[in-house]
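Colleague: I would like to go through this model step by step. Shall we start with a term and then look at the details?

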Amino acid sequence: MPRVTLSDGSIHDLDRGLPLAEAMPDEAVCARVDGRLVDLAWPVEGDVNAEPVLSSEEEGLNVLRHSTAHVMAQAVCDLYPGTKYAIGPPINDGFYYDFELPESLNLDDLERIETRMREIVAANQPFLREELDRDAALERFADQPFKREIIETAEAEEGALGDRFSLYRNDGWADLCLGPHVPTTARLGAFKLLSVAGAYWRGDERRPQLQRVYGTVWPSGQELEAYLRRREEAERRDHRKLGRQLDLFSFPDELGMGLAIWHPRGGILRKQLEDFVRDLHVTRGYDPVFSPHIARSVLWETSGHLAKFAELMYPAMDGETARYFVKPMNCPFHVLIYKSRGRSYRELPMRLQELGTVYRQERAGTLHGLLRTRGMTTEDAHIICTEDQLIDELLAVFDLTLEIQRTFGFTDPVVNLSTKPGLAIGDEAMWARATEALRSALDKSGLDYTVAEGEGAFYGPKVDFHFHDAIGRLWQLTTIQCDFALPERFDMEYTGEDNHRHRPVMIHRAILGTLERFVGVLTEHHAGAFPLWLAPEQIRFVPIADRHASAAESQAVSMRERGLRVGVDASRETVQKKIREAQLMRIPYTIVLGDREIEAGTLSVRDRSASEVRGVPVAPFVDAAVEEAASRALDGVDLASLAGGSRPAAT
């Protein structure tokens, strides 16, 4: 009789062939058997170690989401005969499914689909797993072209098991899938369909355009409601919406998808960011460098990009004597700077920093405002050092990462060490040395970290720093990579103290990632209310009447001379409308100026919370604002204390 030993130490003896569910607690949605996720219907044929997986765990929640995606696709097929269904994976906070439909869906249709889903849930239909050979699978999905393509191309993550294919069915509806799934449709949690969007099959704009339905599901209604509140707040903070509202950037159709232009206000914000990063790197011993936007194919052949990264590179441009590619990365250019002459150990470490614009042909379906673009400026640096210097240099990069991110309000990082992926350059020994260097530096730093197997870059393992934003979302912001492969491929050398030639090591690191993505994250983190030092317009005067405009402009000039960015709204709109406009533009300080303020020589200052303090002395306010900007403070001036403890005026 097979014996099932659970993770809590309990032992269950089952008849051979009985489902694992017999040994599982009622709240389990699937199980982990010898490290592998399986359905609760999995037949027990021998002794095993097993662990229940609950919907409150990440893996269990993904199973819940995947099962709900199946039920949604089943409902769509029931309601819209002739539907061709593509793929429907779980994603962060939910799931989606792509369809080719005989009609366009709208938000009203989502309610109808939800109703049908609830009927399927009420029917308590079991999820049943089958395995078919290729011919049988093609026959089963004879009227589903997207499924047939998956079968013909044998996509393992979509149900292919070599020459056999895994599928799940319930009530006659079936889908290719590796599973596992919840036992029955009645085990789905609290779900809601959220939106409809367009998506290209396989993310390729040359393929059919499908309709993508997004949804979310949670173990309880309370958790669903909490998520919907977070989602509403995230929509309020959407950087694409705020980018238009604050006049920061735009994506003109004439440029093409994924290419942004920065407006004057966005240009000011970006300049503050760039100046801060450049100046801090100089103080930390980095040298600024610049490189062109294109290079001959031989550079990308040597670096390995054409072999491992070509699908994200734009097509070649034929020159008179060579083929050229726009650059997808900056690192090979920095290698050429190093190789421009012979190097001595006395010159190492060499730290090269560049805000370099690169271009990547990201799939149209993955583009998302500034968060995923095709033209981007990378806050990029490369450290070339001896192997003995490697750990200390990595520790210095960790320290610089924490300092920079803390300046923007990002603290308490979640750190991952990512190891060799399937597609890589360099031999195993190189990868082992690089991985061990990163691991040693992390251990020495005292930072907590987890290992992400197979998630490294193609030329080396990496450390990623993730940070939570103001509403709890986790963003990967910093990447640090250790590379023994490129120095080998480019034959990089230095003369050691022993007067012999040695191979250096290369650290790739981007603390902010791309400026575009970082500004997108920063905009959402601060909901467009940037710290004073970053705000494109820091102070705005609102004259009460035309006769107050000259006094407002005079004070604005004085403040500009102190380095503050000050505007004057001299339009003929009402004062309340001017104040409202300043609030919408997230101006940190709005100063209303009228007869009373001019006579008293004070200011009425309103901050972004709409709290107004009257009787604020001019000089102390200007000094405090200058200090707030210079110190890159995250908190604003205490206006009440400047006004001698005056209570904020009613608004």
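Modeller: A residue is buried under 20% relative accessible area, exposed over 50%, and partly exposed in between. Keep in mind that this is a predicted model.

Colleague: Is Asp-491 buried, exposed or partly exposed?

Modeller: Asp-491 sits in the loop between helix H13 (485-489) and strand S27 (494-495). Its phi is positive, near 55°, and it is not a glycine. The relative accessible area of Asp-491 is 42%. That value lies between 20% and 50%, so Asp-491 is partly exposed.

Colleague: And Ala-527, buried or exposed?

Modeller: Ala-527 also has a positive phi, about 55°, without being a glycine. Its loop runs between helix H14 (515-525) and strand S30 (539-543). The relative accessibility of Ala-527 is 7%. The cut-off is under 20%, so Ala-527 is buried.

Colleague: What is omega for the cis peptide bond between Leu-348 and Pro-349?

Modeller: Pro-349 lies in the loop between helix H10 (331-338) and strand S21 (350-359). A cis bond joins Leu-348 to Pro-349, with omega about 5°.

Key. Residues are numbered from 1 along each chain as its sequence is written. This is a predicted model: local features need pLDDT of at least 70, side-chain atom pairs count only at pLDDT 80 or more; totals for chains, interfaces and linings use all residues. Side-chain values use heavy atoms; hydrogens and water are left out. Helices (H or I, at least four residues) and strands (E, at least two) are DSSP runs, numbered from the N terminus. Buried means under 20% relative accessible area, exposed over 50%, partly exposed in between (1.4 Å probe, protein chains only).
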